[in-house]
Each structure stands twice: as C-alpha cells, then as structure tokens.
Amino acid sequence: MSSRYKVITIILVVYLVVFFLIYGLSNIKNGQRDLTLLVGDNTVWDYSNKSWLNITREETLDSLNWQEYKVFLDNKYFGEYSMWYDDNKWYAFNSNKTAVKMEGELIAYKANYDLKIKEFETKENNNNTYVHQVLKDNNLSTSSQMTVNNVVNFDIDDDGVEEQFYVISNAFASDFYPDTIFSIVFMVKEEKVYSMYTNIEKANYGNGCKPYIRTFLDINDDDKHELILTCAKYSVQEPEDMLFQLNKEKFDLLISNQ
Ligand SMILES: [Ca+2]
Ligand SMILES: [Ca+2]
C-alpha cells in the first residue's frame, strides 16, 4: 500500500470512528430505548420510538403474559420473573413455573437498558412553612385539617443535594367535613416551590383522591430521576398513576393511566 493510500485509509477510519461516536452513541442513548413498565395491578406503560403508550387490560393479557420482567417490591429489587396477568392481578413465576409470593407494591419492567429505581423514605411532615405558603397560594386556609401531610427527601436532579417533596391532602376525612377537597404535591429546591400536582374540588361524598409518591426511577438513563405519583380513589375506583419528569423549572406529566 502506498503511503498516499495509507493516509486516505487512516483519514477514512478516523472519520468513521468520529461519525459513530457523535451519531451512533447519541442514537443509542436517546433513540433506541424500549421499556414496558408494570405499575401495580392497574397500569402498564410502554415506551418506544420516543413515545409513551398506556396499555389497556385486554392488550395486556394478549401481549405481555409470561414475559420476563425485573420485579421490584416497595422499590426494592426482588428478582427476574415471568409475569402473568389474571383476574386484575399480576402473578410472578420463577424459571420452574412455580408461583412466587409477592408482598409489597409492584413495579416491574422489561427494557433494553437498566432502569435505575431508588428506595426512599416517606416521613410525616412537621415543618409547615412551605405547606402554608402553598395552601395560601391556592386560596386554601392554612388551618385546614389534613389526612395526609408527608415529606420525602430525594435528590431528583443528581446534583448531590436532596430536594423536598411535600404531599398534602384532606381527601377521605372521617372525623372532619371539609367543603373543599384538595390534594397537592410539590417540590422545594433552594427555597423555591415547584408544583407537580394540584387537584382542588368541591366536596361531594367520596370524591378527590389521596396521593403518594410511589417510585423514583430513571426512565431515560441520564441519572436524573423521574417519579410515579399515585392518587388513591375512594372504594373500588382505580387509582390514578402518573409519571412526572422535572424539566428545568416545571414538572411535565409524561403519561397517566386515566
Ligand atoms: Ca438535587
Ligand atoms: Ca431521567
């Protein structure tokens, strides 16, 4: 090979490597992510071609039974199991097709990448500074009685400092009778309030819903976490499951089961 061809070959190889590094890797990182997520017994979300789909029950039964999922219970890794949906409930089977008992809240996924799911602790809130501010901002009394007033500390944006997530509600009160039912979830970062979920309605027996943060998970593998918020409804009504992503100054609702 003449030195001229060697130079051309080297330039070509370098060009192809650089091309792959710039376009190939970014495609793998951004475009080719496929995910099926089971959220409890009520919700199945599918992510592919950069869009979300809420899968309904009939489709679930047909296409998702007996596939292998990574299973988490109460956000703790439980193992890899074949999942089977019957009578509105997921069942897990090991490789011998023996049913495995699951205790705790189910999150399970099937994906072409590792979905990071982190544990966290929900605590009763005993500092109402921000709660009072948010109640006022929503024209609600700061002396409102509540059925939920919780806080979760979690570093959602991976900057090494935990944010505070407040969950407040007066839904399903049994010993007081509010005129207005509210459920509000917001985040505080550096003394600034970021609203995530606000539902305020006139009381009408059993309406409203009681929210809780269910799971912090990193759906797009960028180390910043997204979160699933569940709002439990009265009696047999299906709970609402919502997936939120922090997008600079605000939370975007990526998908809901309703
Ligand atoms: Ca942070
Ligand atoms: Ca993320």
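1. Where does lysine 50 lie? Lysine 50 sits in the loop between β2 and β3. (Strands are DSSP runs of E, at least two residues, and helices are runs of H or I, at least four residues, all numbered from the N terminus.) Its phi is positive, about 60°, although lysine 50 is not a glycine. Lysine 50 counts as exposed because it has 10 C-beta neighbours inside 10 Å. (Exposed is 12 or fewer other C-beta atoms within 10 Å of a residue's own, buried is 20 or more, partly exposed is in between, with C-beta atoms placed from the backbone.)

2. A quick word on ground rules. This is a predicted model, where local features need pLDDT of at least 70, side-chain atom pairs count only at pLDDT 80 or more, and totals for chains, interfaces and linings use all residues. Residues are numbered from 1 along each chain as its sequence is written, while chains are lettered from A and ligands numbered from 1 in the order in which they are written.

3. With 7 C-beta neighbours inside 10 Å, lysine 248 counts as exposed.

4. Now the domains. The protein chain splits into domain 1 (35-114) and domain 2 (122-256), with bounds from an automatic or database domain assignment. Their C-alpha centres are 25 Å apart. The contact (C-beta atoms, placed from the backbone, within 7 Å) takes 12 residues from domain 1 and 11 residues from domain 2.

5. On the side of domain 1 that touches domain 2, β1 (35-39), β2 (43-48) and β3 (51-55) each supply at least two residues. β2 gives the most, with three residues.

How values were computed: Contact = placed C-beta atoms within 7 Å.
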